[in-house]
Amino acid sequence: MAALRSVVLAGGGTGGHIYPLLAFADCLRRHDPDVRITCLGSPSGMENDLIPRAGYDLRHVPAYQLPRSVNMNLVRTPDRMWKAAKATRAILDEVNADAVVGFGGYVSVPAYLAAWRRKTPSVIHEVNVPMGVANKMAMRFTKNVVLGFPHQAAQMPNLANAPVVGVPLRQSITTLDRAARRAEARRYFGLDPNLPTLFVFGASSGARSINNALAGAAKAITSAGVQVLHIVGARNDDFDIPAGLPAPYVRVKFLSEMELGYAAGDLAICRGGAITCAETAAIGIPAVYVPLPWGNGEQRRNALPVVEAGGGMIVEDGDLSPELVVQQIVPLVRDGARLAAMSRAAAGYGRRDGDEQLRRYLLGVIGA
């Protein structure tokens with residue numbers, strides 16, 4: 001029986017790759033405080049702030065964007081990838097890695113490739129449909145692929161037999177009792193303890209279209225006896241709201257204690273990123289999902305199963321307006337019975353054990 005003494009975790013660029021990585025690192029550390037955890041990232045991604053702050057060793061490796069068309073970058077890709085894999089293998093050798101787990105992002109490709117050349121077991125964790133380009137390429141090097149959501153296997157025939165382990169989420173989320181912490185959370189933000197509350201946020205950098213729609217509706221929302229907690233987003237400019245509103249409208253640039261936001265809110269307005277959908281469903285907060293209107297449509301695919309289960313609704317980005325907020329969302333947040341039913345439905349779809357299930361799968365792969 002092998003033991004998991006040293007594991008390398010690869011994933012960077014965006015919060016969607018980094019937050020599951022950190023949640024899984026925390027899970028491994030809870031089970032074995034002595035396990036060596038080494039995280040791989042690029043010099044320019046969000047991981048440079050998030051991973052060291054969480055107390056984990058971050059090593060930089062060369063990461064190159066994988067071209068989706070025939071151009072000079074495609075010609076250079078094999079040489080760049082082998083150089084990146086060589087640098088990554090040196091790290092795997094240094095830490096005597098027993099396994100590699102990748103969460104996507106360009107930095108994951110040299111990690112998978114280095115593990116393959118070193119004959120080190122590796123696991124791909126995927127949360128999107130279609131599969132991310134880095135993880136898709138990595139399937140050439142390992143057969144160990146696990147999924148975050150049931151709908152992925154149904155929509156990607158090549159992954160029909162891949163096990164669904166869920167998404168590793170932070171313990172502050174998975175242990176959250178929204179009702180028990182509601183009063184505390186509302187006090188923390190200076191909100192009225194008794195008013196219906198909208199919790200509004202975009203991705204880690206915010207969402208301008210959501211910000212504009214809510215700002216335009218601020219007077220009508222608060223006049224209806226609804227208060228708002230709004231995360232503007234670290235990369236977005238703040239916006240003006242009318243003075244003297246009849247109910248609180250609290251804006252914050254960034255919120256690291258997302259569990260307090262979830263606890264304060266009765267209804268969320270948010271994007272449809274995989275981690276957002278996993279968190280809102282796991283804790284059972286009803287949500288109005290406003291998927292990004294570009295890309296491969298993955299945000300709509302992420303949100304749709306939660307909505308079909310009864311845990312939310314989808315509003316297309318181009319349809320979101322102050323008028324829609326007032327006509328459709330304000331009545332919903334004031335309807336306690338409907339929100340309670342949606343909360344139960346979301347929680348019935350969501351799961352809180354993704355970190356433990358991924359660890360169990362990894363131990364099976366290495367024979368521990």
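Hi everyone, let's start where two helices touch: Ala-213, Leu-214, Gly-216, Ala-217, Ala-220 and Ile-221 of helix 9 meet Pro-322, Val-325, Val-326 and Val-330 of helix 13, contact being heavy atoms within 4.5 Å. By class, that contact has nine nonpolar residues, one polar and no charged; Ala, Val, Leu, Ile, Met, Phe, Trp, Tyr, Cys and Pro count as nonpolar, Asp, Glu, Lys and Arg as charged, and the others, Gly among them, as polar.

A word on the source: this is a predicted model, where local features need pLDDT of at least 70, side-chain atom pairs count only at pLDDT 80 or more, and totals for chains, interfaces and linings use all residues. Residues are numbered from 1 along each chain as its sequence is written, and side-chain values use heavy atoms, leaving out hydrogens and water.

Back to our helices, which are DSSP runs (H or I, at least four residues) numbered from the N terminus. Helix 9 (residues 208-223) and helix 13 (residues 322-333) pack at about 55°, with axes 8 Å apart.

Next, helix 11: which of its residues are buried? Ala-274, Ile-275, Thr-276, Cys-277, Ala-278, Glu-279, Thr-280, Ala-281, Ala-282 and Ile-283 are, buried meaning under 20% relative accessible area with a 1.4 Å probe, protein chains only. Just after helix 11, Gly-284 takes a positive phi of about 75°.

Finally, the rings. Phe-199, Phe-201 and Tyr-262 are linked into a cluster by ring pairs, meaning Phe, Tyr or Trp (six-membered ring) centres within 6.5 Å. Phe-199 is buried at 0% relative accessibility, and Phe-201 is buried at 4%. Thanks, everyone!

Definitions and conventions:
Buried < 20%, exposed > 50% of the residue type's maximum accessible area, 1.4 Å probe, protein only. Axes fitted to C-alpha atoms, helices over the stretch in contact; angles between N-to-C directions. Phe/Tyr/Trp six-rings, centres within 6.5 Å; stacked < 30°, edge-to-face > 60°.
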